[in-house]
Amino acid sequence: MSDKPQKPNKKQNDFDLNLPQTEFPMRANLPTREPQWLERWLKDDIYGQVRKARKGAEKFILHCGPPYANGGLHLGHVMSYVLKDFVVRSQSMMGKDAPFVPGWDCHGLPIEWKVEQDLRKQKKSKDDLSVKELRDLCRAEAEKWVAVQVEDWKRMGSLGDWDGRYETKNPQNEAGIIRSLGQIAAKGLLYRGQKSVMWSPAEQTALAEAEIEYDDNHVSTAIYVAYPVQGTANEYVVIWTTTPWTMPGSRGVAYGEGIEYAQIEQGGKRYWVAKSLVSNVAEKWGWENVNTVAEQAGTAFEGTKLQHPLYGHELPMFAGHHVSDEDGTGFVHTNPAHGPDDFMLGQKFGLSLACPVQGNGTYDDSLPTLPKTGENLHNVHIYKAEPAILAELEQGANLLHQYKHKHSYPISWRSKKPLIHRAVPQWFIAFDNDQNLRSNCVAEIDNVAWYPESGHKRIRTMMENRPDWCISRQRAWGVPITVFYGPNGEPILDADVFEHVAQQVEQHGIDAWETLSTEELLPAEWLEAKGYTADQLTKETDILDVWFDSGSTHHHVMQQHADLKNDDGSWQQADMYSEGTDQYRGWFQSSLSTSVAMNGKSPYKSVLAHGYVVDGTGRKFSKSLGNGIAPSELLQKYGMDIIRLWVASANVSQDVRVSDEIMKGVSDSYRRFRNTFKYLLGNLSDFDAERDAVVVEDMPPLERYVLSELHTVLTTVRECYNGYRFQQAYQTLYHFCNETLSSLYFDVRKDSLYCDARVDNGNAQGMYQRRRSCQTVLHILLESLTTALNPVLPFTTDEVWRSYFGDDANVHAAVMTEPESSWQLETTTAWQQVMAVRDEVLQQLEQARTAGTIKANLDAQVTLGLTADEQSQLDFADWAELLVASEVSVETWDGSGERPVRVTKHTGEKCQRSWKYSHELTAEGITQRDAAAMAANQNIEAAA
């Protein structure tokens, strides 16, 4: 506060001051004390107490997206989980029943990949193990990290049903995933087909878009290859590619129908390239004085036949929708097995779709020996085969140029190894068949509230352009695609079979698909009814994409967990899903797709997306930069409440910066809140709300004004919490504590709280009433601020609440203070004028202190000029009180020029009790007010 106490001549106790009394420490010591409080929360089942207190209230469900169980939590997790807790706590504090069920994603490639790496260290391979043994190792790996992450998550102050958490590796969840697949199959949306999919040779599985990253510094060997035109001598069509390993499987060359082509001559040979690219390719090839000998439109190539540059057999030319003359040569060699556009052309023109590359990235035995060099590529890895392919092209004079080309290239998010396209049979969910899944999803996107709003367009565009969802993976650790194939090889998509298998998995886990017999996995008498025998059926060996596991949790979690499902067991939408912005193409999208497929509706009513955590300069955390910050580092230094306040203070819709400097600033903000609570607690030590509270109508104007401001603040905070604008809620509360309370109300009312009579003997009624009015407001402020800040600062508000209401009090089960209509002033215009005048005078007082005229505001005697209208309209203002000055006299001002304000050193004597100056002190050196207060206090205490 602005007027710092000066040392009185006598001991303060001699003047019977009402000094603050509280054991609430100014030093929070959060890193040490928070774990102790958390232990009590868990021991006392605070979460259960909250649920019990909200029983029967309107439900609010934030369905928790499952974090992946393969490592410790990082700051991105911290921000995500804290944000979820903000949502759940704020809705609970506003009176709703907001259960929170955490969960974990436990299947998938990253865990299996880690187990394989561990096996390699032991000089073993997954091939040395049975599928069950491999799964057991993966299960143990997942369980290890779930246990670690549970404790880390609890430490963040989140309340939740930790014992009732879900894990996708639990048999009931695995069975639910299979039931979800069965429902989608029953809707006619599941099919098996051959398409060109992203494939990881390192991990030997197909990958979904959400599992792909891009290496912007990938280096490929780029080549220009001349395809001889059949039936003519020395005439060639030239292609450019960055994947020489695809050349053996070349099935033709595509041209652009709208592209103009030129034939250039060099060394007696003629080469066709796009006319606009002639100078570019000539420069690349180092050719000078290039002559254009012919030109023709792309359509003229229709029906042209070429010779394979390696094997010499005939290849067709055809129009390609994807061909451009922006780079390369304006021609594209087509390998249907290794590209989605190529695959489409292969289907259109009846080309062979056979894939000559095996799952591990080696060629199969379908490729002939290279004729000129005699190299056999069978079982050679595609990248290791490139030198042999280039040598063959060079011997045939078909390699015009090669060079190293740096470009962006897809890699696996787990192994970081390059990916390829492979056209192989896979399982897909259809988006464009007669079930219209795509258009239904787009329609549902329009019915969801997106925070921020830009998320709507982002996911809508993704859904409008996404391909069919490849849901099969060629791995072991995951939920099997529980499909049998009949005698003719056709898949059996029978709803009864899916349900029966789900029942077996519910009992035995996913290993049942391998360990139980065909007869045991099929419903009783099913084989007989179909006319099959068990040995006529074969099982699918692929597993489901892990995004299907998490994307179907709306079914196998929300519809199964007692706290999440409807009372009648029916499916319901979650009020919110919340994750990082990367989940627009991940969990948000997979959940939407499966839910619309199964239920015809989105699984969520709203989505809250947040950015990434970056360093103080905006760079992503990386090992190479060494700029990473571990959550434990911040916890040990600042404590969780300050970390939570960092999240609240940030615009989470964008990337959020963190650094030591930023955290120090957040710590300063935390101290403002803690100072506020300490002031409130200290000055309420002798207040009993039931006994001492003053009704609003009997309060002084200043108290009425503060309550009116509080009404606005609480209304705004509620709106912010309901709109998930946590940064604005924080800013509103901080500004109120810093400006309205600390700089105004607390500063002004310190004199009343310390010096007014704490009892009423009949002679001290006015000052007693003023002090009790102030304490009534402080009591309201304490309840209001503690409940409003609980979603952000649960540890600190818990400490405050117990300091005031006792050790058994539970702020988490309380409800946010509802602003009362009686607090509102009809207009605050007059108070706005008062505050404006006050600011002007405070500037003059500051100048007087700087000049040495006064040392503190209480030293001052102020003459203030007010117009006649101001004097009439602002007659409720006690200017000496508001300015914390000993005396203020008002003179009439005509309103011209600057407002007259004179600050002089008071000529009276200083009261030894209140430090105010007066010309009329008692013999004890105190004012008449202070003498009356002391007498009232002493008389009552003597009588007691």
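# A walk through a predicted 944-residue chain

Residues 24 or more positions apart make up 76% of the contacts in the protein chain that have a separation of 6 or more, where a contact means heavy atoms within 4.5 Å. The model is predicted: local features need pLDDT of at least 70 and side-chain atom pairs count only at pLDDT 80 or more, while totals for chains, interfaces and linings use all residues. Residues are numbered from 1 along each chain as its sequence is written, and side-chain values use heavy atoms, with hydrogens and water left out.

The overall dimensions come next. The C-alpha atoms of the protein chain fill a box of roughly 125 × 80 × 50 Å along the principal axes. The radius of gyration is 38 Å, whereas a compact globule of 944 residues would have one near 30 Å; the radius is taken over C-alpha atoms, and the globule rule is 2.2 Å times the number of residues to the power 0.38. Of the 944 residues, 57% count as buried. Buried means under 20% relative accessible area, exposed means over 50%, and partly exposed lies in between (1.4 Å probe, protein chains only).

The protein chain has 30 helices and 32 strands. These are DSSP runs numbered from the N terminus: helices are H or I with at least four residues, and strands are E with at least two. One group of strands forms an open sheet of four, in the order S1-S24-S25-S17, with parallel pairing. Strand S1 (62-63) and strand S17 (449-451) stand at the edges with a single partner strand each, so one side of each has no neighbour in the sheet. Two strands count as a pair if DSSP finds at least two bridges between them. S17 and strand S25 (residues 604-610) run parallel and are joined by three bridges, and Ala449 has Ser606 in S25 as its bridge partner.

The chain can be followed onward from S17. The peptide bond from Tyr451 to Pro452 is cis, with omega near 0 degrees. Pro452 lies in the loop between S17 and helix H11 (454-465).

Just after H7, Gly286 takes a positive phi of about 75 degrees. Asn289 counts as exposed, at 70% relative accessibility.

Tyr724 is another residue other than glycine with a positive phi, near 60 degrees. Tyr724 lies in the loop between helix H23 (701-722) and helix H24 (726-755). With a relative accessible area of 11%, Tyr724 is buried.

Charged side chains are the last topic. Side chains of opposite charge can pair when their charged atoms come close. The structure holds 62 salt bridges, a salt bridge being a side-chain nitrogen of Lys or Arg within 4 Å of a carboxyl oxygen of Asp or Glu. One of them joins Asp432 and Arg438, with the closest N and O atoms 2.7 Å apart. Asp432 is exposed at 54% relative accessibility, whereas Arg438 is buried at 13%. Arg691 and Asp692 also form a salt bridge, at 2.6 Å from N to O. Here Arg691 is exposed at 57% and Asp692 is buried at 6%.

In the salt bridge between Arg899 and Glu870, the closest N and O atoms are 2.9 Å apart. This pair links distant parts of the chain, 29 residues apart: Arg899 is in the loop between strand S29 (887-892) and strand S30 (901-905), and Glu870 is in helix H28 (residues 868-873). Arg899 is buried at 14% relative accessible area, and Glu870 is buried at 13%. Elsewhere, salt bridges that share partners join residues into one network, among them Glu703, Arg749, Asp751 and Arg770.
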